[in-house]
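Subject: Handing over a structure

Hello,

Here is the structure I promised to pass on to you. Please have a look at it first, and then read my notes below.

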Amino acid sequence: MRSPISRRNFLLGSGAAIVAGGLHLGTEAVEPLQMRSRVTSYAFDGPDTRGLVSLSDNAPPPLVRLRQGEPAVIDLTNGLDDYTTMHWHGIRLANEMDGVPYLTQFPIGKDETFRYAFTPPDAGTYWYHPHCMTMRQMAHGLTGILIVEEPRDIGFDEDLALNLKDFRLDDEGQLLPFFTPRGAARGGTLGNTRTTNWKIDPRYDVPAGGLLRLRFVATDTTRVYKLVLPDLPGKVIAWDGHPVNEPVPWPTEERPLWVGPGQRVDIALRMPDDEGVDVPLSHSIGRRRLALARLRSVGKSMNRDLAELRPLPANPLAQPKLAAAEVRELVFGWSPDGNGQRNGLCGSNAYSFWSIDRKPWPGDAVENVGPVAELELGKSYILRLRNESPNLHPIHLHGLAFLPVRSNQRPLPRNWTDTILLMRNEIVDIALVADNPGDWAFHCHVIEHQKTGLSGYLRVS
Ligand code: C2O
Ligand code: CU
Ligand code: CU
């Protein structure tokens with residue numbers, strides 16, 4: 001068993017990581033993107049909220065745009081007192097660039113810089129967030145959208161990315177505790193200030209009669225969004241980054257689209273011809289319909305037609321061989337012990353409520369914790385994900401994409417994903433080719449669940 005990464009190993013390893021990045025053709029020539037995490041304040045809807053975490057002052061973390069197949073270098077400097085790391089959610093990259101403390105890198109200390117270098121193999125909508133002090137730093141704002149552009153133009157007039165995230169604020173607009181034992185042991189603690197790109201029901205001007213690409217990114221630590229879209233010509237074109245193989249029904253009030261924490265959905269929408277039409281984008285909570293954002297048609301109609309869009313090119317993913325695939329079962333449920341987590345420099349938690357295969361994750365920094373499954377490089381597998389609880393769990397796998405193949409409860413379109421929302425007591429089979437070597441974090445993306453035991457990793461070697 002490999003022991004977790006110590007500072008010494010990390011120092012030895014980080015040189016190797018930069019060389020590894022350098023092996024990608026032309027990385028040395030790439031201008032590094034500079035990121036510096038910091039504490040800042042921001043006014044959502046009243047007084048300044050203090051103690052937020054972002055990469056810029058008084059503003060949300062920026063949208064990052066990369067190009068498919070082109071090397072990227074990102075220097076992250078930790079401007080916080082706490083340790084941190086950055087994870088590139090959904091990007092299939094080399095394990096040492098994955099940003100998981102102890103598993104793939106040593107946590108980044110105050111004023112230290114870590115160089116992330118990778119070449120995104122897939123186009124689509126992804127995102128980034130810390131993976132050390134995750135609960136605090138994400139709940140306080142550090143979640144950003146990462147778009148990997150297709151090599152050629154698809155034909156949209158406008159591209160609008162929407163970062164959906166709640167904050168928990170008191171009457172004075174100040175941050176409330178992001179963790180509650182009651183929430184963590186159940187569905188998670190919900191925020192009370194629902195934002196889109198850190199704004200409350202923002203309005204965006206879009207050309208009338210134009211074709212809009214909408215990218216919804218659910219970066220909240222807890223909320224499952226039940227998306228409702230207006231009755232306009234449009235379609236769901238991508239799911240969790242990848243172009244859809246099988247159609248996803250248009251989200252309506254009767255049949256909203258469930259988007260769990262960590263998930264993304266890309267929509268092509270044709271705007272109304274008339275100027276000044278208000279187009280609401282919303283989600284439903286119980287019987288209530290709540291605004292996420294609104295679009296307003298502006299200018300003279302562009303008279304576009306959805307049929308003018310080029311199809312999104314498929315990403316280079318290996319098809320699992322279902323007949324030959326070995327089956328591994330993984331059980332997600334409550335925790336048999338209440339010992340809590342010892343997370344080293346990345347925070348500790350006094351509780352453990354959740355488990356994988358009845359073992360709660362003991363904490364990132366604990367030594368000699370084996371993988372929940374060992375997969376042989378290059379082979380196909382079916383992972384049988386069994387939710388033994390009444391709560392929903394968006395189960396996320398790093399470093400690999402997978403296909404849902406069946407559920408005991410519902411039809412599941414076979415669309416590539418990195419995060420699958422398990423319903424109450426649901427059993428879902430997912431299939432993948434273990435084609436990326438490394439130790440890949442595997443956890444629930446309700447961060448309170450992740451941090452109270454519902455976490456582990458898969459080893460591909
Ligand atoms: Cu987006 Cu391990 O997480
Ligand atoms: Cu991830
Ligand atoms: Cu969960």
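Two residues are in contact when they have heavy atoms within 4.5 Å of each other. With that in hand, take Trp88: leaving aside its neighbours within four places in sequence, Trp88 is in contact with Met35, Ile74, Leu93, Met97, Asp98, Tyr116, Phe118, Trp127, Tyr128 and Leu146.

A word on the source before going further. This is a predicted model, in which local features need pLDDT of at least 70 and side-chain atom pairs count only at pLDDT 80 or more, while totals for chains, interfaces and linings use all residues. Residues are numbered from 1 along each chain as its sequence is written, chains are lettered from A and ligands numbered from 1 in the order in which they are written, and side-chain values use heavy atoms, with hydrogens and water left out.

The overall picture

The secondary structure of the protein comes to four helices and 29 strands. Helices (H or I, at least four residues) and strands (E, at least two) are DSSP runs, numbered from the N terminus. The C-alpha atoms fill a box of roughly 65 × 55 × 50 Å along the principal axes.

Of the 461 residues, 59% are buried. Buried means under 20% relative accessible area, exposed over 50%, and partly exposed in between (1.4 Å probe, protein chains only). Among contacts between residues at least 6 apart in sequence, 75% join residues at least 24 apart.

The cores

Trp88 comes up again here. The largest nonpolar core has 65 residues, and Trp88, Tyr116 and Leu385 are those with the most contacts inside it. Apart from that core lies another of 27 residues, among them Leu162, Leu257, Leu269 and Val279. By nonpolar core I mean a set of buried Ala, Val, Leu, Ile, Met, Phe, Trp, Tyr and Cys residues joined through side-chain atoms within 4.5 Å.

The copper ions

Which residues are the protein donors of the copper ion (ligand 2)? They are His87 (NE2) and His396 (NE2), lying 1.8 to 1.9 Å from the ion. His87 lies in strand β5 (residues 86-89) and His396 in strand β24 (residues 393-397), so the pair ties together parts that are 309 residues apart in sequence. His87 counts as buried, at 1% relative accessibility, and so does His396, at 0%.

Donors are N, O and S atoms within 2.8 Å of the metal (3.2 Å for Na, K and Ca); water is not among the atoms, so sites may look incomplete.

His393 is buried at 0% relative accessibility, and Cys444 is buried with a relative accessible area of 0%.

The sheets

Two strands pair if DSSP finds at least two bridges between them. One open sheet of four strands has the order β2-β1-β4-β6, with mixed pairing. Its edge strands are β2 (48-54) and β6 (113-118), each pairing on one side only. Strand β1 (residues 33-43) runs parallel to β4 (residues 72-78), joined by five bridges, and the bridge partner of Met35 in β4 is Leu76. β1 and β2 pair in the antiparallel sense over five bridges, and a hairpin of four residues joins them. Tyr42 stands opposite Thr49 in β2.

Another open sheet has five strands in the order β11-β19-β18-β13-β16, again with mixed pairing. β11 (203-207) and β16 (257-259) stand at the edges with a single partner strand each, so one side of each is left without a neighbour in the sheet. Eight bridges join β18 (residues 278-285) to β19 (residues 288-298), which run antiparallel; Ile285 has Arg288 as its bridge partner in β19.

One loop residue

Ala314 sits in the loop between β19 and β20 (326-334) and counts as exposed, at 70% relative accessibility. Ala314 and Pro243 are 71 residues apart in sequence and 6.3 Å apart in space, C-alpha to C-alpha.

Best wishes
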